[in-house]
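Here is a short briefing on a protein model.

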Amino acid sequence: MNLVHSGKVRDVYADGDDLILVASDRLSIYDVVLPTPVPDKGVLLTQLSLWWFDRLTDITPNHVISASDVPPEFVGRAMRCRRLSMLPVECIARGYLAGLGLQEYQKHGSVSGVPLPPGLVEGSKLPEPIFTPTTKAPVGEHDEFMTFEDVVAALGADTAARLRDLTLAVYARGADIAGKNGILVADTKLEFGLDAAGEIVLADEVLTPDSSRFWPADAWEPGRPQFSFDKQYVREWSSSLDWDRTPPGPEVPTEVVAATRARYVEVYERITGDDW
């Protein structure tokens, strides 16, 4: 195997015609990799992604070949995957207003060019889920909002429409399943690529605490920050620091690491119904 790419969280190895996608325990916020890992995080992300991939096959094909045919040292945190030509767009669906989407709304009354009603507050449920794509920035740089027209200009009308439709369909399925287990999916980020036949394929991870905001439904209250089963807890911790959100990231205290791991484990168990 040869290492071909090391991302914020995942390392990609070439193995013959396939790729081995390995999820590390690294933690990133604001597109900056922090120096402190979260134990078991990579295994949890991989296992939750696999769980979701199995429940989305009628919506979109995915890149997974095998979760067991991987090097022994990576078992549990790795997937053997098809090679794809990755599309240069982060595909985001939002059902609630939070994070950078909230900031964009407060500035423009819209997100990614999608106009929203006046008077929305932090945590507001949107009238309907919206597609809010961003650029796919290199490590250490920040993604930028794109409009749907920007995606059309970059990839063509048919591909842009298909990405929008798939993103919203995956979000709807994820929100429905998680909702039945008391979890609101505020937003989620997906990545897609093209296979050798030119078909759009879901790749990377799906509906994990690293790629989504998960909120407990019974505690949801618009107008304030929500309790999050994801790395929002670390973002909030970092906001108290004298840090400009550029590399190098700060060391994370032991208690923040432990609390973050506990949130990842709890949302895994609540969504899947399985013990971690």
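Two strands pair if DSSP finds at least two bridges between them. Helices (H or I, at least four residues) and strands (E, at least two) are DSSP runs, numbered from the N terminus. The model is predicted: local features need pLDDT of at least 70, side-chain atom pairs count only at pLDDT 80 or more, and totals for chains, interfaces and linings use all residues. Residues are numbered from 1 along each chain as its sequence is written, and side-chain values use heavy atoms, leaving out hydrogens and water.

**Strand β9**
- β9 (residues 89-96) has 8 of its 8 residues buried, so the rest of the structure largely encloses it. Buried means under 20% relative accessible area, exposed over 50%, partly exposed in between (1.4 Å probe, protein chains only).
- β9 pairs with β13 (residues 134-135) in the antiparallel sense, over 2 bridges. Glu90 has Thr134 as its bridge partner there.
- β14 (residues 183-194) runs antiparallel to β9, joined by 4 bridges. Cys91 is bridged to Leu190 in β14.
- β12 (residues 125-131) pairs with β9 over 3 bridges, again antiparallel. Ala93 stands opposite Phe131.

**Core**
- The largest nonpolar core has 62 residues. Such a core is a set of buried Ala, Val, Leu, Ile, Met, Phe, Trp, Tyr and Cys residues joined through side-chain atoms within 4.5 Å.
- Trp52, Phe192, Val206 and Ile271 have the most contacts inside this core.

**Cysteines**
- The whole structure holds 0 disulfides (pairs of cysteine sulfur atoms within 2.5 Å).
- For Cys81, the nearest cysteine sulfur is that of Cys91, 18 Å away.
- Cys81 counts as buried, at 2% relative accessibility.
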